[in-house]
Amino acid sequence: MSTNETVGDRLDVARTELTATQIAAGLAFGTAIVFALMFVQEPLVHESMHNFRHAAGITCH
Amino acid sequence: MIAEYLRRGVAAGAVAGVAYGLYMTLVGNPLSSSVEHAARDHAGNAHGSGGLVSEMTTAAVSAGSGLLWAVLLGGVFAVALYLLEPAIPGSAAVRSYVLAGAGFLTVSGVPWLALPPAAPGAVHQYPIGLRMRAYVGLAVLGAITATAAVLAYKRGARRHVGLGIVAGAAPILVIAAVLTLATPTVTTYPNHPMDLVAAYQGLTVLTQAGIWLLIAGTFNALRRRESEYRNGPTRTTDDALVGGGP
């Protein structure tokens, strides 16, 4: 790890190391979890995570 | 290299997640239920579990969600660290903690200044759609605040480290003051003793901050261990192998 590396370099390295599919899969996976834990309002899902949402201070409750 | 970061981040998230899942099981679930019941006994029926799923299911899913939550934060932390590390000041270990602090400010800290964590049985003054949009906006504001703090620190630290710390704290304090003073009350607690609500919220803040701290700490420990391992006996073997090759 060189000291004068920049954020741009890191982006470039990541782009050569990962395929577009891998990036898309990672993003989709993350979005799905965020959505399930923070934003889903469907009553059954919502109810069963009730304590977690309160205890973790999730706003979208 | 990004895969290595992600692996470490998810492992660190799992460590924090097991701890947080235990916390949910031992403290979060029973406490949430009792606060909820206390409020409901007092009020007839407040917002909350209307009996759609059993309390046991709620407890199990909540503990599992706690684990998943920390794994998610660990993964996001790792990818962000990989990309932003060059822009964050300090040693490798310090950078992790700076980023964990920025993550806490973005995901929880700044949004909570306007939308404080709600104890069970809270009465919301605004509809859910509006609160969601406000949350997303506040999370963006949190990210901007954290970025401003890091940039201000870097500027100030050129002259003196102490000056850097003061400059870095300034954006956070300004945003905290403005949000605290300028935003309306979004939740009321007609049926709760106020110190119970304060204790509940305090626990929420502490445990979420704890998750970030544990993720950064574990990530650093894993990185240290792996680099020691690499620079230890395997290094010489690798060199010997390379030296012996054609």
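Arg230(B) is partly exposed, with 42% relative accessibility (buried means under 20% relative accessible area, exposed over 50%, partly exposed in between; 1.4 Å probe, protein chains only). In this predicted model, local features need pLDDT of at least 70, side-chain atom pairs count only at pLDDT 80 or more, and totals for chains, interfaces and linings use all residues. Side-chain values use heavy atoms, without hydrogens and water, residues are numbered from 1 along each chain as its sequence is written, and chains are lettered from A in the order in which they are written.

Arg230(B) forms a salt bridge with Glu4(B), with the closest N and O atoms 3.5 Å apart (a salt bridge is a side-chain nitrogen of Lys or Arg within 4 Å of a carboxyl oxygen of Asp or Glu). This pair links distant parts of the chain, 226 residues apart: Arg230(B) is in helix α6 (residues 194-231) and Glu4(B) in helix α1 of chain B. Helices are DSSP runs of H or I, at least four residues, numbered from the N terminus.

## Within helix α1

Glu4(B), partly exposed at 29%, also meets the side chain of Arg8(B) in a salt bridge (3.0 Å, N to O). Arg8(B) is buried, at 4%.

Glu226(B) forms a salt bridge with Arg7(B) at 3.4 Å between the closest N and O atoms. Because Glu226(B) lies in helix α6 and Arg7(B) in helix α1 of chain B, the pair ties together parts 219 residues apart in sequence. Glu226(B) is buried at 18%, whereas Arg7(B) is partly exposed at 47%.

Salt bridges with shared partners join Glu4(B), Arg7(B), Arg8(B), Glu226(B) and Arg230(B) into one network. Over all chains, the structure holds eight salt bridges.

Definitions and conventions. Helix = DSSP H or I, 4+ residues; strand = E, 2+ residues; numbered from the N terminus.
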